[in-house]
Structure formats: C-alpha cells, structure tokens
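Welcome, and have a look at the model below. The notes that follow walk through its contacts, its core and its pockets.

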Amino acid sequence: VGGVGGGGGGGVGGGGDPVTDVVKFMQQTFPGAAVEERHGTFVRFDVPTTAMSLSDAFASIEAAKERLSVMDYAISQGSLEQVFMRFAKRQFDWDPARLSGS
C-alpha cells in the first residue's frame, strides 16, 4: 500500500496516524500480514497467500480505501525470485562475522 495520507499537506484529520491505521487494517483483514518495508507513508506488506484470493483482497482494500485515506495501492503475487530469497534467508541467517572466522 503506498501513498497513505490526505491531499495537500499529507496529514489526515482526526489526530490518528494514517499509516498505523492501515497497518492495523491489513493485519486484521489479512491474517499473518506483516510490514515488510516502510518509508514515510509508503508501506509494503507481506501477506500469506492463504489469507484470501486476490479479488477478495482488492475488494477489501477498495471498501476501506477512502476511510483509511489510501491514495494508491498495488497487489501482486510474489515472484519466484522473491519466494526463493525469502526461503534462503530463513534457512541460513546470514552473518558476515561467522563467515570471516571472527
């Protein structure tokens, strides 16, 4: 989900943090969803493929888009490379110090 916030100044009325609201929504709507990356108002989530179908995911986000002040978003399936890299990272917790013998 990217571009969270209101128009003009980027803030959202009501005093709440719009990114926090989006994170809560995603975690409640998509069981197992986790923040993978966050930069300002840009947030990337990792959502298990078992959470729901892509069409249901689009419908859920569209229904809450205005309420959460989401300006734009994208949903895609992970590439084979992303799946492999995630698997490899979990299998071998890379530690440069361990490789250098220190």
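## Contacts and overall layout

Among contacts in the protein chain (heavy atoms within 4.5 Å) with a separation of 6 or more, 44% join residues 24 or more positions apart. The model is predicted, with local features needing pLDDT of at least 70 and side-chain atom pairs counting only at pLDDT 80 or more, while totals for chains, interfaces and linings use all residues. Residues are numbered from 1 along each chain as its sequence is written, and side-chain values use heavy atoms, with hydrogens and water left out.

The protein chain holds 4 helices and 4 strands, taken as DSSP runs numbered from the N terminus (H or I, at least four residues, for helices; E, at least two, for strands). Read from the N terminus, their order is β-α-β-β-α-β-α-α.

## Surface and burial

Of the 102 residues in the protein chain, 22% are buried (under 20% relative accessible area, with a 1.4 Å probe and protein chains only). The chain's accessible surface, from the Shrake-Rupley method with a 1.4 Å probe, is about 7200 Å², and carbon and sulfur atoms hold 54% of that area.

## The nonpolar core

A nonpolar core here is a set of buried Ala, Val, Leu, Ile, Met, Phe, Trp, Tyr and Cys residues joined through side-chain atoms within 4.5 Å. The largest one has 15 residues, and those touching the most other members are Val22, Phe25, Met26, Phe30, Phe45, Ile61 and Leu68. Two or more residues come from each of α1 (18-29), β3 (42-46) and α2 (54-65), with α1 giving the most, 5 residues.

Leaving aside residues up to four places away in sequence, Ile61 touches Phe25, Met26, Phe30, Tyr73 and Ile75.

## The pockets

A pocket is an open set of points on a 1 Å grid over the protein atoms alone, where a 1.4 Å probe fits and protein lies on both sides within 12 Å along at least five of seven lines; lining residues have an atom within 4 Å of a point. Points are joined across faces, edges and corners, and volume is the space filled by probe spheres set on them.

The largest pocket has about 830 Å³ of space. It is lined by 28 residues, of which Phe45, Asp46, Val47, Ser76 and Gln77 are closest to its centre. β3, α2 and α3 (80-91) each give two or more residues to this lining, and β3 gives the most, with 5.

The second largest pocket, at about 180 Å³, is lined by Glu36, Gln82, Met85, Arg86, Lys89 and Arg90. Here α3 gives the most, with 5 residues.

Definitions and conventions:
Buried < 20%, exposed > 50% of the residue type's maximum accessible area, 1.4 Å probe, protein only.
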